[in-house]
Amino acid sequence: MAAMSDRAEITTGTLAQQNGGAAAVKAYGAQMVKDHTMTSQELAALAAERNLQLPTEPDSLHQAEAAAMAKLKGAAFDRMYVMGQVRD
């Protein structure tokens, strides 16, 4: 679901800004947070119009991935983050 995907990208993008080693990874993380925050807000507005509840957390797979990423710093973080972006 798009709402869970947005939450996952916001979470990992924030981690990229904090734990990334390369400036490009940090910048990409910031862009992902910006873009997915915007789409998340748009989706929330649509859901509110239709009286729908959206998930507020990423799914368990993305939560586990973010937990693993949170333990990494620098180049090790960058590798895992970039591989996750390519895979998704």
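This is a predicted model: local features need pLDDT of at least 70, side-chain atom pairs count only at pLDDT 80 or more; totals for chains, interfaces and linings use all residues.
A residue is called exposed when its relative accessible area is over 50% and buried when that area is under 20%.

The model contains two salt bridges. One of them joins Glu-49 to Arg-50, where the closest N and O atoms are 3.6 Å apart. Glu-49 has a relative accessibility of 62% and therefore counts as exposed, and Arg-50, at 53%, counts as exposed too.

The other salt bridge is formed by Glu-65 and Arg-87, with the closest N and O atoms lying 2.4 Å apart. This pair links distant parts of the chain, since Glu-65 belongs to helix H3, which runs over residues 60–70, while Arg-87 belongs to helix H4, which runs over residues 74–87, and the two partners are 22 residues apart. Are the two partners buried or exposed? Glu-65 is buried, because its relative accessible area is 15%, whereas Arg-87 is exposed, because its relative accessible area is 52%.

Glu-65 leads us on to the rest of helix H3, whose buried residues are His-62, Glu-65, Ala-66 and Met-69. These residues cover an arc of only 100 degrees around the axis, so they sit on the same side of H3. What do the buried residues of H3 pack against? Their packing partners are the helices H1 and H4.

The last stop is the space that the atoms leave unfilled. Rolling a probe the size of a water molecule over the atoms shows where empty space is left. In this model there is one cavity of 30 Å³ or more, and the volume of the largest cavity is about 70 Å³. Its lining includes several residues that we have already met, among them His-62, Glu-65 and Met-69, and other lining residues include Ala-8, Thr-12, Tyr-81 and Asp-88. Helix H1, which spans residues 2–19, contributes at least two residues to the lining of the largest cavity, as do H3 and H4. The largest share, four residues, comes from H4. Sorted by class, the lining of the largest cavity consists of four nonpolar, four polar and three charged residues.

Note on methods:
Residues are numbered from 1 along each chain as its sequence is written. Side-chain values use heavy atoms; hydrogens and water are left out. A salt bridge is a side-chain nitrogen of Lys or Arg within 4 Å of a carboxyl oxygen of Asp or Glu. Buried means under 20% relative accessible area, exposed over 50%, partly exposed in between (1.4 Å probe, protein chains only). On a 1 Å grid over the protein atoms alone, a cavity is a set of points where a 1.4 Å probe fits but cannot get out, and a pocket is an open set with protein on both sides within 12 Å along at least five of seven lines; lining residues have an atom within 4 Å of a point. Grid points are joined across faces, edges and corners, and a volume is the space filled by probe spheres set on the points. Ala, Val, Leu, Ile, Met, Phe, Trp, Tyr, Cys and Pro count as nonpolar, Asp, Glu, Lys and Arg as charged, and the others, Gly among them, as polar. The arc is that of the directions from the helix axis to the C-beta atoms. Contact means heavy atoms within 4.5 Å.
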